[in-house]
Amino acid sequence: MFKLAADCCRKESSMHVVRFFPIGNADSCLIELENGRRALFDFADMHDPNDQYDLRCDLEEELRNCLDGAKSIDVVAFTHLDTDHCARAKEVFYLEHAQKYQSKDRIKIDTMWVPATAILEEGVKGQARTLRTEARHRFIAGEGIRVFGRPEKLDQFLIDRDIDPKTRRNLISDAGTLCPEFNLDHDGVEFFVHSPFAETCGDSVEYRNGSAIFMQATFVVRERVTKMILSADVPHKIIDDIIRVTRYHKNDHRLEWDVNNIPHHCSYLSLSDDKGKDKTIPVDRIKWLYEEQGQSGGLLVSTSKPIPTNDDDKQPPHRQAANYYKDVASKLGGEWIVTMEHPSKSKPKPLVIEIGATGSKVRKIAAVGATAVLSGAAPRAGRSR
């Protein structure tokens, strides 16, 4: 049995670290910055502790190990409120709206990031309802939250509660802007908002994927620039709109990437309406995104189950979509990684990406006798500023 080095969750100096966790068809990405600040994108603890054959990791345990005693996270983003992006959040995090969620062992959220839909949704239950209540509480209080998208219904939500919408403008970010919680000079990272657009935010569940948070993170270490796309579960029609609008404003660089967390657990519907027999062919703009904007050595990450060899399961991941992404990785001289297959299907472990002065690289887990040691792959191409 492999044994991981004791410091597997500790961040070395002069680098940022990005972690994706093996949690099946679900998302959680922890970004640890060189200066010690952290951003967590989604939290879905899907592991069944009563199933000895469940290979998904205990996400709460992994996260607490990475926090190394810290009591809070600077930003926790819930890209949307589907269960595979927020499972067990109400059991793990300290929530401001109710005392029953405020025990001292819970992890505090300094700033919560949510799409406007997470506040506006009606008829939600379970985890989604609890997080909606928390988002509403923070938004009404006017602190500890950033809301993405500015639909008219969000203004009406405030007016109905006798709050002047102008007093909450500082808590709302539109597509095409930078998030003020981080900046390149202080943190070595900036987050550019691509979506949601105001018109994609609604008050019903069917808006969730289309109004999910889609961002580009730009990291800098000693003048080296590395870019990452975080796609959530956004469908291809919305991605197509993102690309169209971005190119119209001559912001092509905001869609460049060295690391790409591909959308919706490798669903073909994030590429095209047509699955294809053996390979999904994306619509033209999305083809440009992957084949022209991906940088040399680019890494594509699928936060999903292992890729199937047949079409028995209609749910993602889809082998046809995976075949397209594999081709992209090959053309870029990069790498295609599935979280539940890393480093093996039988023993998946967190995927750790180091972002430093030579670009980005995957921290490899290599067997040496009975012990697994960590070693870096060849650096990915980054760019000087």
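Modeller: Buried means under 20% relative accessible area, exposed means over 50%, and partly exposed lies in between (1.4 Å probe, protein chains only). Helices (H or I, at least four residues) and strands (E, at least two) are DSSP runs, numbered from the N terminus. This is a predicted model: local features need pLDDT of at least 70, side-chain atom pairs count only at pLDDT 80 or more, and totals for chains, interfaces and linings use all residues. Residues are numbered from 1 along each chain as its sequence is written, and side-chain values use heavy atoms, with hydrogens and water left out.

Start with helix α1, residues 59–67. Its buried residues are Leu59, Glu60, Leu63, Cys66 and Leu67. They sit on the same side of α1, because they cover an arc of only 130° around the axis. That arc is taken from the directions from the helix axis to the C-beta atoms. Now look at the two ends. At the start of α1, a side-chain oxygen of Asp58 comes to within 3.4 Å of the backbone nitrogen of Glu60. Just after α1, Asp68 has a positive phi of about 50°.

Next come helix pairs. Two packed helices are described by the angle between their axes and the distance between the axes. Axes are lines fitted to C-alpha atoms, for helices over the stretch in contact, and angles run from 0 to 180 degrees between N-to-C directions.

Take α5 (residues 126–141) and α6 (residues 152–159). They pack at about 70°, and their axes are 11 Å apart. That makes α5 roughly perpendicular to α6. The cut-offs are these: under 35 degrees is roughly parallel, over 145 roughly antiparallel, 65 to 115 roughly perpendicular, and the rest oblique. From α5, the contact uses Arg136, Phe139 and Ile140; from α6, it uses Leu154, Phe157 and Leu158. Contact here means heavy atoms within 4.5 Å. These residues divide into 5 nonpolar, no polar and 1 charged. Ala, Val, Leu, Ile, Met, Phe, Trp, Tyr, Cys and Pro count as nonpolar, Asp, Glu, Lys and Arg as charged, and the others, Gly among them, as polar.

The other pair is α8 (residues 236–248) with α9 (residues 284–291). Their angle is about 70°, and their axes lie 9 Å apart. So α8 and α9 are roughly perpendicular to each other. On α8, the contact residues are His236, Ile239, Asp240, Ile243, Arg244 and Arg247; on α9, they are Arg285, Ile286, Trp288 and Leu289. This contact divides into 5 nonpolar, 1 polar and 4 charged.

Now for helix α10, residues 319–331, which holds Tyr325. Tyr325 is buried, with a relative accessible area of 0%. Leaving out residues up to four places away in sequence, Tyr325 touches Ile262, Pro263, Cys266, Leu271, Tyr290, Leu300 and Trp336.

End with a loop. Asp274 lies between β12 and α9. Asp274 counts as exposed, at 53% relative accessibility. Its side chain reaches the backbone nitrogen of Gly276 at 3.1 Å. Asp274 also touches Tyr268 and Thr280, not counting residues up to four places away in sequence.

Note on methods: A polar contact is a pair of N or O atoms within 3.5 Å; within protein, one must be able to donate a hydrogen and the other to accept it, and residues adjacent in sequence count only if both atoms are side-chain atoms.
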